[in-house]
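Please have the sequence and the structure open while reading.

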Amino acid sequence: MKKSIASIALISVLALTGCSGTGKTAAGAADSKATQEAPKAPDLTGSWKQSNPSSEKSYQQATVTADKVTIEWVSDGGNTTSTYWVGTFTGPTSANEPYSWTSTRDVDATKSSLLASSDATKEFKYEGGTISYKVSALGTTTTVNLKKD
């Protein structure tokens, strides 16, 4: 009888400790996901180059700083540059895409450039590593796509 009571006690102890393991529960798995770092807002500052030019010798390039975007027409294979846009820039504060912003033109920086846009503002969009915006010249409008250099 002592052996059967000891066996039952041993089985009970093993059963109880087996059920109280430290494996993750559904709540524990959710907690670990919550502690992972949230996606960061993309850093758009730096140099950008047109990824969809109609010619390898003529394209647009841009420089984005913390508060300004400057876009130039590039021609002659890079030997000639002309200002197209200088305006305000406000970077994204979250990782949500697409990210859009309205840039206000710096009139003083663009007034002497014959190839500069005369628009007061310009709409920009960032999505999937590409900044895009519309360019109109001589009655034709096209979308320029820029990729970071």
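K125 stands opposite S132 in β7. The model is predicted, so to speak of local features a pLDDT of at least 70 is needed, side-chain atom pairs count only at pLDDT 80 or more, and totals for chains, interfaces and linings use all residues. Residues are numbered from 1 along each chain as its sequence is written, and side-chain values use heavy atoms, with hydrogens and water left out.

Strands here are DSSP runs of E with at least two residues, numbered from the N terminus. Two strands pair if DSSP finds at least two bridges between them. β6 (residues 121-127) and β7 (residues 130-137) pair in the antiparallel sense over 3 bridges. Their hairpin has 2 residues between the strands, and G128 takes a positive phi near 60° there. β6 also pairs with strand β5 (residues 99-104), in the antiparallel sense and over 6 bridges; T121 in β6 is the bridge partner of T104.

Buried means under 20% relative accessible area, exposed over 50%, and partly exposed in between, with a 1.4 Å probe and protein chains only.

Contact means heavy atoms within 4.5 Å. Leaving aside neighbours within four places in sequence, S132 is in contact with E123, F124, K125, T143, V144 and N145. T130 also lies in β7 and is buried at 13%. T130 touches K125, N145, L146 and K147, not counting residues up to four places away in sequence. The side chains of T130 and K147 are joined by a polar contact of 2.9 Å.

What aromatic pairs does the structure hold? A search of the whole structure finds 6. Rings of Phe, Tyr and Trp (its six-membered ring) pair if their centres lie within 6.5 Å; planes under 30 degrees apart count as stacked, over 60 as edge-to-face and the rest as tilted. The rings of W48 and Y126 are edge-to-face, because their centres are 6.4 Å apart and their planes stand at 85°. W48 lies in strand β1 (residues 46-50) and Y126 in β6, so this pair ties together parts 78 residues apart in sequence. W48 is buried at 2% relative accessible area, and Y126 at 9%. Ring pairs also link F89, Y99, W101, F124 and Y133 into a cluster.

Conventions:
Helices (H or I, at least four residues) and strands (E, at least two) are DSSP runs, numbered from the N terminus. A polar contact is a pair of N or O atoms within 3.5 Å; within protein, one must be able to donate a hydrogen and the other to accept it, and residues adjacent in sequence count only if both atoms are side-chain atoms.
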